[in-house]
Each structure stands twice: as C-alpha cells, then as structure tokens.
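Work through the exercises below with the sequence and the model open. Each task is followed by its solution in steps.

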Amino acid sequence: MSVPVSQMYTVATYVLKQKLRGRKRYPLVLMLEPLFRCNLACAGCGKIQYPAQILKKHLTVEACLKAVEECGAPIVSIPGGEPLMYPDIDKLVTELVKRRKYIYLCTNAILLKEKLDLFTPSKYLTFSVHMDGLREEHDEAVCRDGVFDEAVDGIKAALQRGFRVTTNTTLFDGASPLRMREFFDDMMNLGVEGMMLSPGYSYSKAPDQEHFLRQARTNQLFSEMLSSPKRRWKFNQSPLFLRFLMGKKDFECTPWGNPTFNMFGWQRPCYLLQEGYAASFRELMDDTKWENYGKKSGNEKCQDCMVHCGYEATAVDHTFNSLKGFAETVAVTLSGKL
Amino acid sequence: MTLEGWVPQVNDYTSLHEVVDFAFDYRGNTTVVKTDGSEVVGYIFNRNADVPEPFVQLFDEQGDGPMSILYRDIATIKFTGKDTAAGNSWKAWVERKEREKALRVAAAGAGQLESDPHTHGG
C-alpha cells in the first residue's frame, strides 16, 4: 500500500466515527463531476455522451463545495469529463485543500504539464492519471495515438514539481497479465506513488460493448496479474479490494460508498448506474431503494460489476468492522502478498 | 439501435411512462409536446414516477434550467435530437488502426520484394 499515513489516519478515524455513531450507510469518497466535457472519447467511457448544451455546462465552485459539505466524505475524487478543462479547477482544489479533503484529480494528463502552475503541491492533492496499460494498449483504449507519451510527460513534470501522482487503470477483456506486469514496473520506474486498478463497468452508453469483463474472467485476469506481486509495486487502494478482484474474497456492493454529484444532482444509485437524480445528499441516502442494488438483489446490472466505486468501500468497511478484518488488512499490507 | 427520429404515439400499447423512460435513457435532445400544444426542446436528465405528481426534469437547448414538467402535462415526447451515444467511434478507431497496419505490412512486403535479387528480372 502506498497511501500516506496521514490519509490512512483520516480515513480510519472517519470510518470509526461513523461506526461509533451507528451509521449503517456512510460515504467514503465523493465522486464530484464538475463537467462532462472531455478532450478524449475513450472506447469504454459512458460519461461524455451528451448534447452540446450539456457538454458546455459546468458546476460552479459554490455548488461543488456545497456538495462536499453535504456529503462529508473525507476523500473527494474529481473525475468528469476532464477536470483540467474545468475553468475553476484551481479555485476548487484550493478550497478543498483548505477543508482538508484528500483530492484525487482524475485526469488523462494531456493538459497536466500546461496546467501545473495552477496548483501547489500538497499532501491533500493527488493527480490520478488515467493509464490503461503500456503505450499500445493505452492509446487503443483512449482511441488516439500519442496520448500515452503525453501522459508520461505530464506525470514526470508533476513528480518533478513535488506533486503526489498515482495512476488509475481500467482493465478490459483481452488485457494481457504479462503486459500489465510490465506496465506496473514502468509506472513504478516513473516514480508514481501508487497505482489504482479496476475492471471496467459495461456502461450501456459506451461505444465499445464487446470487451467488458465478466466476473470469472475478472478473477482470472487479476489472479494472473497480481500473483507473486513484486514488492516494489505499490497500489493506492485497499489490498482487500485487490484480493476481491482476484476471487480470494467475496464482498457485496456498497453502492452509497462513492456517491456522485454532477450538474444533474445526486446520481442514483451509484457512479455507474444512472437511474435518476436526487436533489440533496440526504434525499439520495434516505429515498434510494438500496435493496434493489448489489449482487444479492438479483439486479442484472449489478451481477458482473466488480468496480472500485462499489467494492472498495466494502473492503475498507470490512477492515474496520472487526479485529479479523483489520488483522487481515495489516497482514496483507506488511507481507506484500495479496 | 437508436431511437433517433422516433415520434411515439401514446396509446393503449405505448404508455406515457414508457415513453418518458425511453426519453430519460436517451442521450440526445428530445421535444416534449405538452397537452396544451406547446413544445419544449431539451435534454431530459431526470424523471421521478414514484412521487404523487410524477415529473421530468430537463435543460433546454440553450442549456438553461433545470425545468420540471409534470407527466400529466405531457402529450408525448419526440426523439428529435442526435443520439450522442449511437456513435461508433471505437469501431471506427479499430478499423482505421487495422487499415494502417495492413498498409504497413503491404509497404514492408513491397520493400522486401524490391530488395530481393530473385524477384528482379535479368
């Protein structure tokens, strides 16, 4: 694990407070989408297919901060769209840092070098760079040649300036475990703090519908990829979530773990499914029929989903739910064996 | 498959609730035809049929909104805007890459033919 101690402490105390307060459902990461506009049109993305007037719009900083306050999660992930295209991204980040929120600014890094001057290095700010594999695989996933090299340049520039940088990788069917292991080596050689992995979710609006992973294939791919992990590989996520992806743990989804806010409101029920919007965070939590989601519900849209936004929160909750869960997390973290 | 261009007739076979659900799922602008005959063009991003007064919410063509329209004020919804999710950008990308690869292979093959003495006449 590569998460800094201060961040681990913040998350741990937050989760324990929720448990002491007896809150059954609490958010862990706010997915804040200030805009849907993007400078790429990736094959597996179902987030940016909107009419022009929607793509031109974005949230105000005030609306973003209100959502952050309402939600209360200690971590704010800023995906999109491409957040570096958000005209007020510097103001938003400054305000979030003031509020001591741990920010993951999820970017394709095409604009990273050019925009770095807008930001100040902070333990609260991490650039989470979208990297779907080595050059060939990444450029294919984002449907444009040269993006891998631009992202690498952006990563190097950000690291040189003292920023925290991680990578986020979505895996689709056809991914080669050996190539991915090579990719992990390359990313660690670049000097990133850690890597985040997740299988892709089959967005019904994504252009490529053929290559989303099913559960058994996900388990096989992650087992092959992560068996005998090298000690130098650092993952910026719960080791129990990685064990879940490898098929070594059975978790149920926590759809409220990563609530999503964008210009439409609070998305029901989760970051991936888009079944309507609530006007407030309270309404989202209180009025969503949570029993209709997750594998146990029988909802067919949830059956093959193993995505981080539903299961990482489960893994974190599991860590703090019992001494056994805590001991397991510590053991995996210290041994480095997944 | 896309619903682009569909002008549904709300009747015994197609309920307004179904039409609204299709419109909610549609990633393009639609034209809401109201019972008073007026029309509103925009992107429907939300609907709630589980409340006493079911409603849709939309941003109009200029991006203004959100505005709410009650189900009971809707006669039908026309799928008039381009379906932005119906593109085949990924397919087009794969096809282009395959064409480029084929051209590279062909060029390499031609180069080999030219440099191979056995293929030259004389």
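Helices here are DSSP runs of H or I with at least four residues, and strands are runs of E with at least two, numbered from the N terminus. The model is predicted.

**Exercise 1.** Give the order of helices and strands along chain B.

Solution. Count the elements: chain B holds two helices and five strands. Then read along the sequence, which gives the pattern α-β-β-β-β-β-α. As for burial, 25% of the 122 residues of chain B count as buried.

**Exercise 2.** Decide how helix 8 and helix 9 of chain A are oriented to each other.

Solution. Two packed helices are described by the angle between their axes and the distance between the axes. Helix 8 (residues 177–190) and helix 9 (residues 215–226) of chain A pack at about 50°, and their axes are 9 Å apart. Angles of 65 to 115 degrees would be roughly perpendicular and angles under 35 degrees roughly parallel; helix 8 and helix 9 of chain A are therefore oblique. Their crossing is right-handed. At the contact, Pro177(A), Met180(A) and Arg181(A) of helix 8 meet Leu221(A), Glu224(A) and Met225(A) of helix 9. These residues divide into four nonpolar, no polar and two charged.

**Exercise 3.** Find which residues of helix 4 of chain A are buried, and what covers them.

Solution. In helix 4 (residues 89–98) of chain A, the buried residues include Ile89(A), Leu92(A), Val93(A) and Leu96(A). They span an arc of only 95° around the axis, so they lie on the same side of helix 4 of chain A. An α-helix has 3.6 residues a turn, so residues three or four places apart point the same way. The cover of the buried residues of helix 4 includes helix 3 (61–71) and strand 2 (75–78) of chain A.

Methods. Residues are numbered from 1 along each chain as its sequence is written. Chains are lettered from A and ligands numbered from 1 in the order in which they are written. This is a predicted model: local features need pLDDT of at least 70, side-chain atom pairs count only at pLDDT 80 or more; totals for chains, interfaces and linings use all residues. A residue is buried if 20 or more other C-beta atoms lie within 10 Å of its own, exposed if 12 or fewer, and partly exposed in between; C-beta atoms are placed from the backbone. Axes are lines fitted to C-alpha atoms, for helices over the stretch in contact, and angles run from 0 to 180 degrees between N-to-C directions. Angles under 35 degrees count as roughly parallel, over 145 as roughly antiparallel, 65 to 115 as roughly perpendicular and the rest as oblique. A crossing is left-handed if the near helix is turned anticlockwise from the far one by less than a right angle, and right-handed if clockwise. Two residues are in contact if their C-beta atoms, placed from the backbone, lie within 7 Å. Ala, Val, Leu, Ile, Met, Phe, Trp, Tyr, Cys and Pro count as nonpolar, Asp, Glu, Lys and Arg as charged, and the others, Gly among them, as polar. The arc is that of the directions from the helix axis to the C-beta atoms.
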